[in-house]
Amino acid sequence: MPWKYNTTIIRAGKAWTDDNGIQHPKVWMRWTDTEKSAAGLVWEDAPASEAPFDNRFYWGRQADGTLIPRSLTDVNAVDEDGKAVNDPITGKQMVMLGLKSLAIAQAKTEAAGLLAPYDWYVTRKSEKSTAIPSTISTYRDAVRTSCAAIETAINGASDLAAFMALYDTPVDSNGDATGNAPINDWPDAI
């Protein structure tokens, strides 16, 4: 929530006037917390229902502040009455993709992007029988292996907490990264 003066929200980048008629500059956000307090400003934390959340994993918050998790699995689309929502083109029930399906699709897209710059080696081999350099073959195999490992990790997540853990970068006791997050563990580019 914002800084307030009495009951008035003081907007960042806007000048404001206190009860004594003193106009404070629009750069008041540069002040230290002590200076803000001395000017009569008070910080008010947001209510739980307005607290920030990670929209990769949650739809939002209920009125009581409880997070609304996204589904890990695919869900058949239904309207507010619980009736199936059909695709107007195919006539089949639409499916809302779950977090796992979306993450696997993203991993496959990432893998395709990592392989694409080297596809011409494969085409050249097919057309001209020119050998693919071993560093290229090794890299392409590593990308495919990483993609398979990422998909296995995604499918192995038994609940939302386990799925969210795939996005955590491992760190040492000093807080320094020791590798990539499991969801983003790709080989180094060549």
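## Around Thr169

Thr169 turns up in the segment after H5 (helices, H or I with at least four residues, and strands, E with at least two, are DSSP runs numbered from the N terminus). This is a predicted model, where local features need pLDDT of at least 70 and side-chain atom pairs count only at pLDDT 80 or more, while totals for chains, interfaces and linings use all residues. Residues are numbered from 1 along each chain as its sequence is written, and side-chain values use heavy atoms, leaving out hydrogens and water.

With a relative accessible area of 41%, Thr169 is partly exposed (buried is under 20%, exposed is over 50%, partly exposed is in between, using a 1.4 Å probe and protein chains only). Setting aside residues up to four places away in sequence, Thr169 touches Ala177, Gly179 and Ala181 (contact means heavy atoms within 4.5 Å).

## The aromatic pairs

There are seven aromatic pairs here (ring centres of Phe, Tyr or Trp, using the six-membered ring of Trp, within 6.5 Å; planes under 30 degrees apart are stacked, over 60 edge-to-face, the rest tilted). One of them is Phe57 with Phe163, an edge-to-face pair at 6.1 Å centre to centre and 80 degrees between the planes. Phe57 sits in the loop between strand S5 (41–43) and strand S6 (58–61) and Phe163 in helix H5 (residues 160–165), so the pair ties together parts 106 residues apart in sequence.

## Lys100, a buried charge

Lys100 belongs to helix H2 (residues 99–115). Lys100 is buried but has no salt bridge, and Asp159, the nearest side chain of opposite charge, is 8.7 Å away (a salt bridge needs a side-chain nitrogen of Lys or Arg within 4 Å of a carboxyl oxygen of Asp or Glu; Lys and Arg count as positive, Asp and Glu as negative, and His and the chain ends are not counted).

What does the side chain of Lys100 reach at 3.3 Å? That would be the backbone oxygen of Asn155. Beyond its neighbours within four places in sequence, Lys100 is in contact with residues including Leu72, Ile154 and Phe163.

## Ser146 in helix H4

Ser146 is part of helix H4 (residues 134–156) and counts as buried because its relative accessibility is 14%. Not counting residues up to four places away in sequence, Ser146 touches Asp185, Trp186 and Pro187.

Terms used
Polar contact = N/O pair within 3.5 Å; in protein donor to acceptor, adjacent residues only side chain to side chain.
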